[in-house]
Amino acid sequence: MTKRVVAGVLLLGLSLTPLACRPRKAREQPPPPANRVEYFKQKQAETYLPNGRQKVVLDTVEETPDGRIRYQTTDGQTWVVEMKPTGDGRYKFGWPEPAK
Amino acid sequence: MDRRLFLKEAGMAGALALLGGGGLFARRAWARGKLEEQLVGDALDTLRAQADEEERDFPARAAEGIRRPFAGMCLNVATFCDEISAPRFQEKLQRLPPEEREDQLLSAFCRCLEPDRVLAFLRQKARDVGKELDRRWDVSCREVARRWGERLQGRGPDFDAEDFGRQVTELVRDSLQRSARRAAKAGRPAVLGDTQEDVGASALLLVPLAKTDRLELVKQLPLFVVRVCRRLFAEVAGWYEGRRGNLHKQISGQLADLGDRVAREFEREVSRRLVDLHGWQEQAVRVAARRQAEARVGYL
């Protein structure tokens, strides 16, 4: 009787081993948020920028037709910046340039 | 004629010849010196006015846009904060002596700042501003040549303005290359490196690079950037570890200040480069004036 139980447990263990060792599906990264303007506002609400610690005026943030983000800083200057998805659910911002 | 009389008269004749020769020599030296002085005076009127204007306006123009990489860092500050707040990074920092902590922070900062892009940006800036400096130098050379042409009229062959421009520009380039070689030999390599640029851009790119044996990425940044960053990270290394509160806000504030400080430091650096360039230009014109005086003033 004991032998049967031990053999059963062994068999069960052996049959489950491949299941545990199967290749796992790579952990999927969340896609970057679809609303880029909201993402920008959320990330830059607290950010200080050069030229005497300027801040982003959040109401002025908008997406340009070429997919960049346009925003104004508290000194009244307008900038555009690129946003590229990084693959980990976030975006990387480029170097802002003055808007023409 | 007895021997004594012969020696006396020969001595007198020799003395007279020496006196005459010496007089001619002195007259030539005096006339050359005077002409050289006049030519240099003509040139300096033009060059100094231009140099003052360039030293006043160009540093700010060159520094335009230098805040952009730092503004980019501020926008990406979350990535930098994540990196330096990660438990593994903090544990590593705590095991290190203070100066190596700064190095680690500086390395993390450089990974986010992309030094090669910063260097490419500086090179492009130097090319743009350098082109304008070269154009103005060309205009100055023409003006100096016009004045020298007038002054040298009737003193030997016609003055060749084109040749003058080429000659002085080559002299400036020689001084510049000597300076770059001296710096490299002394272990202070410049951003210019071995690249071939025009004179204006090369003069601006003599900005020294950071010197460090420990940090490969930092080596690619100009010394003035690293110097300002070190001051900041010495401070950050002291306070960020145990600090509660909004790290994002604090670090982006520090980076914003850093961008402004780097811009000011860059302006100073460009001023120094311009002072050197103007010194070499003045020296080149002095050499050219001496050559003209030597070629045109003879003994008679």
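The model is predicted: local features require pLDDT of at least 70, side-chain atom pairs count only at pLDDT 80 or more, and totals for chains, interfaces and linings use all residues. Residues are numbered from 1 along each chain as its sequence is written, while chains are lettered from A and ligands numbered from 1 in the order in which they are written.

In chain A, 5 strands form an open, antiparallel sheet in the order 1-2-3-4-7. Strands (E, at least two residues) and helices (H or I, at least four) are DSSP runs, numbered from the N terminus. Two strands pair if DSSP finds at least two bridges between them. Strand 1 and strand 7 (97-98) are the edge strands of the sheet, each pairing on one side only. Strand 1 is joined to strand 2 of chain A by 2 bridges, and the two run antiparallel. A:Y48 stands opposite A:K55 of strand 2.

The loop between strand 1 (48-49) and strand 2 (54-63) of chain A holds A:N51. A:R53 lies in the loop between these strands too. Most residues other than glycine have a negative phi. A:N51, however, has a positive phi near 75 degrees, and the phi of A:R53 is positive at about 50 degrees. A residue is buried if 20 or more other C-beta atoms, placed from the backbone, lie within 10 Å of its own, exposed if 12 or fewer, and partly exposed in between. A:N51 counts as partly exposed because it has 16 C-beta neighbours inside 10 Å. A:R53 has 17 such neighbours inside 10 Å, so A:R53 counts as partly exposed.

Helix 2 (residues 36-44) of chain A lies across strand 2 and strand 3 (69-73) of chain A. Contact means C-beta atoms, placed from the backbone, within 7 Å. Helix 2 runs at about 170 degrees to strand 2 of chain A. Axes are lines fitted to C-alpha atoms, for helices over the stretch in contact, and angles run from 0 to 180 degrees between N-to-C directions.

In chain B, helix 1 (residues 3-63) has 61 residues. Helix 1 of chain B reaches 83 Å from its first C-alpha to its last, close to the 90 Å expected. The expected span is 1.5 Å times one less than the number of residues. A kink of about 35 degrees lies at B:D57, shortly before the proline B:P59. The bend is the angle between axes fitted to the seven residues ending at a residue and the seven starting there. Buried residues of helix 1 of chain B include B:L35, B:L39 and B:F58.

Terms used
Contact = placed C-beta atoms within 7 Å.
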